[in-house]
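The structure I consulted is shown below.

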Amino acid sequence: MTSSVRVRYAPSPTGYPHVGNIRTALFNWLFARHAGGSFVVRIEDTDVTRKVKGALEAILDGLKWLGLDWDEGPEAGGKYGPYFQSQRLDIYHEAAERLVSQGDAYHCYCSPERLAEMRAEQVRRKQPPGYDRHCRDLSLKERAAKEAEGITPVVRFKAPLEGQTGFDDLIRGGVVFENATIDDFILLKSDGYPTYHLANVVDDHLMEISHVLRAEEWLSSTPRHLLLYRALGFEPPRFAHLPMILGSDRSKLSKRHGAVSITDYREQGYLPEAMLNFLALLGWSLDDKTEILSPEELIASFSLERISKTAAIFNAEKLGWMNGVYIRRLGLSDFTRRSLPFLDRDLPPGVERPLPAGYVERVMPLVQERARTLLEVPELAQFFFVDELTYEPALLIARKMDRDSAAAALETSLERLLELPVFDEESLEAVLRPLAEELGLKAGQLFGTLRVAVTGRTAAPPLFQTMAVLGKEQCLKRIKAARDRLRRL
RNA sequence: GCCCCCAUCGUCUAGUGGCCCAGGACACCGGCCUUUCAAGCCGGCAACAGCGAUUCGAAUUCGCUUGGGGGCGCCA
């Protein structure tokens, strides 16, 4: 299927892939896939000083992990390349020079120090900070003098002093700005790299981007971009400004709100399909009830009209719930396969590796329903693997019992279990349930005591299933140890 | 300070003039199930920011106020 829709995700490798950025990528991807268009990834690496090592890889990994495949960009190539802005400097220079020769831009020789002072003064006088156009109308002579001083100029856009610039945002409707509030922003930095504004406009045009879906923080720079498109003689794309994702305190999501990088979520045991589903519902919804949607369903039903205008707070609690839903939906072998890396990494070092595959397969059904994240799996399953249990012996004494009755219960259980020819769930229940009555105990009392003896905890998977998986030998050993602990109490 | 955007339960949201004394989900609180935990099921709590205007009728339209967010870099 061909379509005129071409969208892009244009991350800057200056940090790790923030969930807000990834949500933007997701919406672009959904929009492209829904329309049968192209999804382009372009790397905006024009800030040499802020470049972070490994960030590019992390961004690409994050996209791949979520299944957001791109048609053009790094690793994929494409006929509009290169897709790294650092490899397109000539193109930006040419555009900047053209604007200068047309009279739409000019060279500025102001030092960073002068600019800082100017700004401080403006703030002090409660004026809107912005370039004072000091170099806008330099004479040829003045320019020559500056050049003679050896100052490398920047190129600034000559913003119109009056009039308005407006556009029709696909999500917000008509938006209008006074040109007088737009200052002469920089197009080309003195290091020869373009600023975002220039590079973004030039590339979106050259790459034939039809729709720009980006976060709302870009809304106020859109008139600058529009002005640039006009000066360059380019047809602007359609714009859609997506609602922001905020932290729990309603401020822009940042490190202090906890995990913000998509890679953090992977490490914390979130499933990519759950993450995708959750992120899609942050600022978009299908109807008044659907919560769980597969990627295919998301693609089929995605539309700009259903994107909300309101900023959304990232609700980690709900993500946890949704991840649990996805974990429970997994087939056993799938769940096991995905849990293995976590088990391998987080089970105590004393546990022998590699983990016995058959045994792991029997343990997993017992933890699947209880895990909200894969990270919790080793913790939930730990007692199945360790040799020695550590717990507070007093826990062995169930309510309305004392040390001796608990020890006696364990002792009798031991005798009965020893005789058991088949150690499966049914046989265990057949022996232990009547035993409780025989001992004059409530089922809950006996089972509680045994649960602690066998698992070391008061909350665990169902007792008989747990014991069956642990096996007769291990169970008897643990019950004996428990009995001895009680006697020493 | 200036400019722009936004405004429904604590949170994510449904709602585009009457179907809404506002629906769903997370969280929370009860109950059921039950050997604990989890899951599941049933029930409950909880919102149209305020004020004016338009209209027979407004969460839905308009205006003002208030509140929140974003932007104002040789960052993106």
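I looked up helix H12 (residues 332-346) and helix H13 (residues 357-368): their axes come within 10 Å and cross at roughly 95°. I took axes as lines fitted to C-alpha atoms, for helices over the stretch in contact, with angles running from 0 to 180 degrees between N-to-C directions. H12 is therefore roughly perpendicular to H13 (65 to 115 degrees). Helices (H or I, at least four residues) and strands (E, at least two) are DSSP runs, numbered from the N terminus.

I then listed the contact (heavy atoms within 4.5 Å). Among its residues are Phe 335 and Leu 340 of H12 and Val 360 and Met 364 of H13.

This is a predicted model, in which local features need pLDDT of at least 70, side-chain atom pairs count only at pLDDT 80 or more, and totals for chains, interfaces and linings use all residues. Residues are numbered from 1 along each chain as its sequence is written, chains are lettered from A and ligands numbered from 1 in the order in which they are written, and side-chain values use heavy atoms, without hydrogens and water.

Next I checked strand S1 (residues 6-9): Arg 6 and Arg 8 point one way, Val 7 and Tyr 9 the other way, and all are buried (under 20% relative accessible area, 1.4 Å probe, protein chains only). S1 runs parallel to strand S2 (residues 38-41), joined to it by four bridges. I found Val 41 of S2 opposite Tyr 9.

Finally, I noted that strand S4 (residues 154-157) runs antiparallel to S3, with four bridges between them. Tyr 106 has Arg 156 in S4 as its bridge partner.

Definitions and conventions: Angles under 35 degrees count as roughly parallel, over 145 as roughly antiparallel, 65 to 115 as roughly perpendicular and the rest as oblique. Buried means under 20% relative accessible area, exposed over 50%, partly exposed in between (1.4 Å probe, protein chains only). Two strands pair if DSSP finds at least two bridges between them.
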